[in-house]
Amino acid sequence: MDEITKEVVRPREPASAITEIQPRVTRTVETEGLRLFHDDDSYTLALLVHPGNQWALVYDYSNHCQPDFIALAYPNSHIHLLAVRPVDFTPDLRARYNASIDELPWSRHDWFRDNVMRWIEHFPAPSETTAGLLAYFQTPEKRARDIRTPIKPGKYLKKFFADVLSDEEIHEAALEWSTHYAKREVKITQDADEIEKVYRGNYNGSCMHFGSGGWSGSCHPARAYAGPDLGIAYIGDIDKVDARCLVWPERKLYYAKWYGDGPRLEAALIDAGYHEGYATEFHSARIRRIEYGRGFVVPYVDVADEAEDDGTYLILSYSGDVNLRNTNGLSYDDEDTECDDCARDYDSSDEGYTTASGRNICDRCYDRRYFTCEGTNEVYDNDYRVTVGDEYYCSEYANEHFTYCEYEDEYVKNEDIVETVEDESVSIHYARREGFHCALSDRWDLDRSHRIRLSDGRYISTASLPELRDFLDAEGVEIATSINSSTDRLAA
């Protein structure tokens, strides 16, 4: 091994799981059920260990992770190619593996992150069978079968980190793991004051935190969740919760959008008899109706975009006039525009239209009864819509630039319109198909039985007979003497 690899792959690394390909490049040992590349050798997962033990998981095209290529791209780093099950190859593979590592209580410690090669083949995780224990893949063969072996966290550390951590440090780290993954008691509240405390205490990545205030309405928006149907489930102290989520207590439903330590909260909810519900299963749930300004105090709701107002409660639904996707704590934004059709507020920077008459309308109303004129590029009511081919025009523009052909029952561009001897306007395409051009009147006759052929091949219409002699003299032509067709005759 070269010096870089010796530094990264230390004695307590599970050597049976790793083999060296070339200097600075290792891989998972060949194992049935595990693959380095997937989808016609298109993708692979690699661990890059840079100087200073900084590392990153990379999910990339396999040609970017070929040993020679990647060693040249990272001349001072160690590269470990990870074999995984074929079923694990998905576009979010790297994110999923990263997330599983970042959620571990040890991930913030240098001793853990600086020794990534000691555990990368193990992928340690909380035991799914015994709370507080650690589970890991003992061998690549077990990883291929997705079998993790439970072990006490202290025993695991003594086995793989005894030369890095003291007995006291191992004890502290083991206690940290066990405490972190111990079973927790879940608390359910539908009390507005308690819900506000849950939201304002610990920041768990929510736009509805408002720890120091700052909402736009009369109260914290999460107070709307205080019954009669919904509530908040949480673990930890009420003013510093470790995790929370939305629940429907009567139906024993929880929505798996976690703010904080989701795995432990989910385990506690399942122990309490709850099961996961889809967002649509929360539709029809009632929340508090707190009027404010021209709308309501509402939180950003993960399970519904809108709500209906029944006068007593707001009811989560597929559609409604109350917007539930603002982050200011209101059903409208201070800079929102009110739709002149449905009175719904919308963000005019992201959606909405202004009609030619100056009305402001939301996207939903536009889809229902408006269109954009291809000629003026302005918005009009469908009552003024004229269809030309596959395009829409307003009637004013259409009347100026198009003419209606009754024979073809459609509008035609003015330049494609011709006049008939009967003073009608028709499409040139229809006139050519059904009639003929009269050289005398420079108009079209739609009745070919009126056709008279001239000696130069042109035709005149019998409708033009009163001016015929003057035309023949002026043009220096005569009526053709040879009649080749029954329609090329002088009508009696």
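This is a predicted model: local features need pLDDT of at least 70, side-chain atom pairs count only at pLDDT 80 or more; totals for chains, interfaces and linings use all residues.
Helix H10 itself spans residues 262–271, and Gly262, Arg264, Leu265, Ala268 and Leu269 are buried in it. Viewed down the helix axis, the buried residues of H10 fall within an arc of 165°, so they line one face of the helix. An α-helix has 3.6 residues a turn, so residues three or four places apart point the same way. The partners against which the buried residues of H10 pack are H8, strand E9 (187–189), E10, E11, strand E12 (253–254) and strand E13 (259–260).

## Nonpolar cores

The largest nonpolar core contains 35 residues, of which Tyr199, Tyr225, Leu230, Leu316 and Leu324 touch the most other members. At least two residues of this core are supplied by each of helix H9 (192–201), strand E10 (231–237), strand E11 (240–248) and strand E19 (313–317). H9 provides the largest share, four residues. Apart from this core lies another, of 33 residues, including Phe123, Ile151, Ile170 and Ala173. In soluble globular proteins, nonpolar side chains tend to be buried together.

With neighbours within four places in sequence left aside, leucine 324 is in contact with Val298, Pro299, Tyr300, Val301, Ala304, Asp305, Glu306, Ala307 and Leu316.

## Aromatic pairs and charges over rings

Across the whole structure, 24 aromatic pairs are found. In one of them, the ring centres of tryptophan 111 and phenylalanine 161 are 5.4 Å apart and the planes stand at 80°, so the pair is edge-to-face. This pair links distant parts of the chain, 50 residues apart: tryptophan 111 belongs to helix H4 (residues 110–113), whereas phenylalanine 161 lies in the loop between helix H7 (153–160) and helix H8 (167–181). Both tryptophan 111 and phenylalanine 161 are buried. They also belong to one aromatic cluster, formed by Trp55, Trp106, Trp111, Phe112, Trp119, Phe161, Trp177 and Tyr181.

Charged groups also sit over aromatic rings. The charged end of arginine 244 is placed over the ring of tyrosine 199, at 3.7 Å from the ring centre. Likewise, the charged end of arginine 451 sits over the ring of tyrosine 459, 4.4 Å from its centre.

## An exposed glycine

Glycine 293 is found in the loop between strand E16 (291–292) and strand E17 (295–296). Glycine 293 is exposed, its relative accessible area being 71%. A distance of 8.2 Å separates the C-alpha atoms of glycine 293 and glycine 217, which are 76 residues apart along the chain.

Conventions: Residues are numbered from 1 along each chain as its sequence is written. Side-chain values use heavy atoms; hydrogens and water are left out. Rings of Phe, Tyr and Trp (its six-membered ring) pair if their centres lie within 6.5 Å; planes under 30 degrees apart count as stacked, over 60 as edge-to-face and the rest as tilted. Buried means under 20% relative accessible area, exposed over 50%, partly exposed in between (1.4 Å probe, protein chains only). A charge sits over a ring if NZ of Lys or CZ of Arg is within 6 Å of the ring centre and within 35 degrees of the ring normal. A nonpolar core is a set of buried Ala, Val, Leu, Ile, Met, Phe, Trp, Tyr and Cys residues joined through side-chain atoms within 4.5 Å. Contact means heavy atoms within 4.5 Å. The arc is that of the directions from the helix axis to the C-beta atoms.
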